[in-house]
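Please look over the sequence and the coordinates below before reading on. The text then takes the chains and their contact in turn.

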Amino acid sequence: MSTWANLGLQDSASPLMEQLIFFHDHALLILVMITVLVGYLMFMLFFNNYVNRFLLHGQLIEMIWTILPAIILLFIAFPSLRLLYLLDEINEPSVTLKSIGHQWYWSYEYSDFNNIEFDSYMIPTNELSTDGFRLLDVDNRIVLPMNSQIRILVTAADVIHSWTIPALGVKVDGTPGRLNQTNFFMNRPGLFYGQCSEICGANHSFMPIVIESVPINYFIKWISNNLNS
Amino acid sequence: MNSLRCAGCRLPGAAVAVIAGAAKSVGGAHRARSADLRLMRRFTHHDGTRVMSGKREVVGYGVNGSPNYIDCSDFPFPAIRYREVTPEICAMREKEQGDWKKLSLDEKKSLYRHSFCQTYAEFQYFMPEWKLAIGITLWAISFAMLISLVSNVAIYDDLPITYDDEHRQAQLRRIIQLQMNPITGLSSKWDYSQNKWK
């Protein structure tokens with residue numbers, strides 16, 4: 001979850017998100033270096049009193065400042081492509097979760113386990129407890145096992161919604177009439193929050209997503225409790 | 001034609017190469033000099049410049065053949081003298097042919113001011129526009145602050161109840177108990193073994 005005055009990315013709960021954070025830091029470092037260099041050059045122009053009236057061309061420096069940016073771009077491109085293919089790797093998920101977006105709540109189905117289904121509505125601010133997170137807490141959280149690959153299928157019932165958890169690096173659009181699939185892996189327990197990320201009407205800001213990541217024995221216990229009730 | 005330049009004035013510049021040999025002598029070459037001046041006039045590309053320079057002397061090639069006057073440190077010697085020819089300046093030009101030590105300071109200054117509009121110090125000095133720019137910027141900032149103050153007081157609703165101290169403390173306690181952002185974020189600053197901030 002974002003804490004107060006959080007400027008950067010949330011700490012990751014997934015190895016892929018960790019890699020995304022590393023790539024972000026790497027690319028940002030390169031950009032900062034370029035910006036400082038260009039900013040310095042522009043700033044020093046204020047204090048320059050020399051003019052070369054007969055300047056026509058400088059072949060060597062023009063070659064350098066064409067080749068060097070190409071090399072810098074290679075330093076950005078290779079990690080980027082590596083990460084792109086890493087995100088698409090095939091693995092074998094152990095749990096499948098279906099998430100359907102409605103106006104204006106999410107409903108979830110665990111079809112692996114005798115069809116557990118429930119809706120997840122945001123808790124309104126006036127019903128929130130003292131330590132509740134405004135616009136983020138929901139009545140029924142998605143309980144999922146940690147340290148397991150999880151497949152999620154996202155769709156929508158009416159208009160386009162988007163299911164996202166920033167701490168896991170997951171964002172999947174839910175389009176009516178279409179199933180979009182992605183995988184993720186949580187490597188620590190806790191609560192992970194997200195909010196609908198595709199404009200879907202008046203209460204688009206008021207349909208959050210909460211994942212409760214638990215050890216697998218607690219997950220099995222939760223499943224059997226839900227099956228019995 | 002004679003009124004266009006004094007006898008002692010020289011004509012530098014590439015276009016003058018055409019009139020080689022004719023410029024030095026005075027009396028008999030008067031007609032030749034007129035012809036040469038007409039020839040030189042034909043070499044300029046904009047006849048309007050000749051009209052604008054009026055009675056002022058052309059002393060250079062100018063911008064691609066069009067004589068101009070501009071005070072610029074990149075191109076120091078303009079192609080047109082700044083002021084028109086007068087008998088006083090003709091006399092001083094005669095004196096200028098001799099030893100410069102014999103010229104007084106005032107004569108040097110008037111010779112300069114005849115040929116040029118401003119000195120280097122005058123045209124390189126920065127204009128005081130920055131004062132107006134800073135003034136307008138500060139005015140705009142204060143106007144924006146006024147609008148935001150009025151909006152906050154008169155237009156916007158109160159903040160939700162979750163912004164008060166009791167709620168925020170409770171939320172902070174819950175954030176720490178849930179170990180949110182435990183790597184570099186908020187929970188990483190809490191010492192769990194001693195139950196206080198690091």
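What follows is a walk through a predicted model, from one chain to the other and then to the interface.

In chain A, strand β6 (residues 161–165) and strand β7 (residues 170–174) run antiparallel and are joined by five bridges, with A:Trp163 standing opposite A:Val172 of β7(A). Four residues lie between the two strands of this hairpin, where A:Gly169 adopts a positive phi near 70°. In a regular strand the side chains alternate between the two faces of the sheet.

In chain B, an unreviewed UniProt entry carries the annotation "transmembrane region" for residues 132–155. In the model this stretch of chain B is 100% helix and 0% strand, and the C-alpha atoms at its ends are 33 Å apart.

Of the area that chain B buries against chain A, 32% is supplied by B:Arg174, B:Met180 and B:Asn181, more than by any other three residues. B:Arg174 also forms a salt bridge with A:Asp137, in which the closest N and O atoms are 2.9 Å apart, and the count of salt bridges between the two chains is one. Eleven residue pairs are found in polar contact across this interface, both residues of each pair being at pLDDT 80 or more.

Notes. Residues are numbered from 1 along each chain as its sequence is written. Chains are lettered from A and ligands numbered from 1 in the order in which they are written. Side-chain values use heavy atoms; hydrogens and water are left out. UniProt positions are given in the numbering used here, feature names are shortened, and annotations may be inferred rather than shown by experiment. Two strands pair if DSSP finds at least two bridges between them. Buried area is the accessible area (1.4 Å probe) that two parts lose on being put together, summed over both. A salt bridge is a side-chain nitrogen of Lys or Arg within 4 Å of a carboxyl oxygen of Asp or Glu. A polar contact is a pair of N or O atoms within 3.5 Å; within protein, one must be able to donate a hydrogen and the other to accept it, and residues adjacent in sequence count only if both atoms are side-chain atoms.
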